[in-house]
Amino acid sequence: MPDGTTGTGIGAAVKRVEDFRFLTGKGNYTDDINRPGQSYAYILRSPHAHAKITSIDSSAAKAAAGVLAVFTGEDMQVGSLPCGWQIHSKDGSPMLEPEHPPLAKGKVRYVGDQVAVVIADTYSQAKDAAESIVVNYEVLPAAVSMSDALTDKSLVHDDIGSNLCFDWEIGDEAAVDEAMSKAAHITKIDLVNNRLVPNAMEPRAAVGEFDAATGEYTLYTTSQNPHVIRLLMGAFVLSIPEHKLRVVAPDVGGGFGSKIYHYAEEAIVTWAAPKIGRPIKWVADRSEAFISDAHGRDQINHAELALDANGKFLALKVQTQANMGAYLSTFAPCVPTYLSATLLAGTYTTPAIHANVKAIFTNTVPVDAYRGAGRPESTYLIERIVDQAARETGIDKVEIRRRNFIPADAFPYQTPVALQYDSGDYEATLSSATKIADVAGFAARKAEAASRGKLRGMGYSTYLEACGIAPSAVVGSLGARAGLYESAEVRVHPTGSVTVFTGTHSHGQGHETTFAQLVSDRLGLPMENIEISHGDTNKVQFGMGTYGSRSLAVGGEALIRAVDKIIDKAKKIAAHVLEASADDIEFKDGNFTVAGTDRSMAFGEVALTAYVPHNFPHDELEPGLDEKAFYDPANFTYPGGCHICEVEIDPETGVTEVIKFTAVDDVGRVINPMIVEGQVHGGVAQGIGQALLEYAAYDDSGQLVTGSFMDYTMPRADNFPKFDVTTEGTLCTHNTLGVKGVGEVGAIGSPPAVINAVIDALWDRGVRDMSMPATPEKVWSALQAAE
Amino acid sequence: MATVSMTVNGKSVSGEVEPRTLLVQFIREQLHLTGTHVGCDTSQCGACVVHVNGDSVKSCTMLAVQADGSDVTTIEGLANGDTLHPMQEAFRDNHGLQCGFCTPGMVMSAVDLLKKNPKPSEGEIREWLEGNICRCTGYHNIVKAVQQAAQA
Ligand code: FES
Ligand code: FES
């Protein structure tokens, strides 16, 4: 709902400020940074999923040409890589939290686990020397699948005594059982949410540096949240106080969650830099990224939905197994719990919900948040079981959704699983999507496809998500070890230009444009007078970074509050100069005017006055014009909407083609529609990727068999049509801007729409189920089996 | 070590390289032209695409010594000062980039497409760009950008 479509204000599709540097090759990514005297690190990684390290002989490597040092876990006696969330099991006991050393000590627990670091003058020297390190392993049986791990036959961590990290529940089980006993119908479903590799196009990288003169460490890293890395690494791993540790996340080539976490390599290069007295660069190659970036999803769900005779949902019961991998990554425990199970009401009035989540350690790469983080898993579950319930009860799949929607006049709406939705209109987004997708013409298209021997299907997802993470009052009570507020500083310079320091980080989202639009709109200044600074802990006061679609809903709100403080102070300055009361000063279009008079000052004049003050009443008015705000949201935000996917399947080959994808998303107020639509496109592509193409597969011994772009099917340009993306709907009620967030909706809403469409296409041929990814082989086999 | 000489973005350059040095390493590490990116180690992603003697090439699949004597254009050589090449302009107009990491390779590849096929269909654009992976955009706006550039 743009307020205006011209100029640079809210609602205008302003072209991005950051594009010129990216388009001309002038971006500054971590691997582009080269420090004087820089050396290079190569990390030797475990080839085994589970093994005891009985000895390491690195003498040959240490003697190799150009090698400066070799370190192992025995050398690197530092703190454990911390986890940011603590979950309590249903019996009240805290989750099991194993030690996570940056370099393995005594045991390796997944293929890719860090064993040693070689530092040399060049990267090739470090890599070549690593080959001469002799590591003796005693290979142990690996717990690769969650079902194997649950037997505890082979313990990933001996010292904690179990592979069950926690056994958590939410909701009222008795109420659910009661409702189930009275149901006219119960639909059951078993689902696998396929494991994914995030694969941001820029591989992770880190440069560590130590200045002996000042005692200051600097880490340049591919991070979505440099302050969080400074806090976690400084306080918990390396014991470096914040004032001696600078973390810089420069241009970052995509994150999708995988660059939130504090990774071992960041600690290794920072810790080793003073030891060798030179800066150290580490850059992952893609194969290394596959086995060292946190993976995403990987849940197994069983769900039961109880319905009355009219198709109204009475209760939902869910059992989830969530793979944590070998160690707890920074956000991992909150993904299947507070970011997933709390969403199980979806857009529906289901009055009773209970979920049990078992989090399980396995000998695989740690699993953590990936675009959507928990919400795609619950959305997939809800939207699949709703479709199945429609099939089983004979109620139309759109009708069954309508009968169960939370009505537009029922907000704020308290769900039975902790969250209170503030706004939404699911009927509206569904009706719009139905029109745009031309549902009315589908039968004819299906018939036409059938005449060519092809199978058409249409699938829906009327989803909802919770983002803008996170209100500290809510998440603190849920186990977060920190509230996820955000901060902004607005520094007005003497001649009236403005630098904004934001604690969020942009790695593709275009904050340099959107945030400048906000300030431009509110202060009446041209965009080019506003600079957005982010990503450097020595410049930016503090920040929690960017993930969970939080930058605008939380960071933008902090920014608005800082701008309003600027306006307040500027009014006082103008009042002083214009000899009026501050209450009588009006601010409009960049001018401060005494109400009802023609006496006014331009923004730039006030700025200059602030820095060259005359006779300020010092007890009331300080010089300068520089304000900060920290904003802790009152609630999550709740984007939602409707995705409709139309597919065509070739029964001869099993190939599924997405013919049309329609997304109507309610993301609250839109600041820059061009950027918003781009976010949805990217999310939808990742969602279709999960549904049709991507899968991180391990073999029984714990080797990642899809460990390169040759084996892991990344979505490519010829996998998609153009998408039909629009936004409409309601405003968030608890932030000034009314914004909800858009970064993840595409990836959350789309997978069930795709799979529901695939099942719809195959239904008449007798196929009743399909798992992700719906590869040609799976589709073809399902068709053969159904014949 | 071998000596290689080539023209890069109109300038003659030369350097000492190991026989195994890739063209992309020579460009990034010795010429400090860091606009060309490395996104994989299996020649799949296209982040490293440059032009060698006018054709798009994945510079991670070519040795620096193989490019000896050739004429290389990288993303840094595409714009004319502050005036963007029409393909760069089209990417900006259509929001064909987000994080920007795939962008240099994507743009260089798309420029070569239009040289070889000035009026490609949407399907031809998608097929041509199949060797360039973008994780951010869903390709929608990249395709629109190439279509706009083809109109120009
Ligand atoms: S770096 Fe991926 S194709 Fe060259
Ligand atoms: S813009 Fe980020 S990978 Fe393409």
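Colleague: How much area is buried between domain 2 of chain A and domain 3 of chain A, and what percentage of it do carbon and sulfur atoms give?

Modeller: In this predicted model, the area buried between domain 2 of chain A and domain 3 of chain A is about 2500 Å². On the domain 2 side, A:Trp85, A:Tyr261 and A:Phe290 lose the most area to domain 3, together 28% of what that side buries. Of the area buried between these two domains, the share given by carbon and sulfur atoms is 70%.

Colleague: Which helix gives the largest share of the side of domain 2 of chain A that touches domain 3 of chain A?

Modeller: Contact here involves 30 residues of domain 2 of chain A and 30 residues of domain 3 of chain A. The residues on the domain 2 side divide into 18 nonpolar, 5 polar and 7 charged. The largest share of that side, 4 residues, comes from residues 286–292 of chain A, which form helix H8.

Colleague: What distance separates the centres of domain 2 of chain A and domain 3 of chain A?

Modeller: The domain assignment gives domain 2 of chain A as 33–140 + 201–254 + 259–292, and domain 3 as 296–470 + 635–786. Taken over C-alpha atoms, their centres are separated by 36 Å.

Notes. Residues are numbered from 1 along each chain as its sequence is written. Chains are lettered from A and ligands numbered from 1 in the order in which they are written. This is a predicted model: local features need pLDDT of at least 70, side-chain atom pairs count only at pLDDT 80 or more; totals for chains, interfaces and linings use all residues. Side-chain values use heavy atoms; hydrogens and water are left out. Domain bounds come from an automatic or database domain assignment. Contact means heavy atoms within 4.5 Å. Buried area is the accessible area (1.4 Å probe) that two parts lose on being put together, summed over both. Helices (H or I, at least four residues) and strands (E, at least two) are DSSP runs, numbered from the N terminus. Ala, Val, Leu, Ile, Met, Phe, Trp, Tyr, Cys and Pro count as nonpolar, Asp, Glu, Lys and Arg as charged, and the others, Gly among them, as polar.
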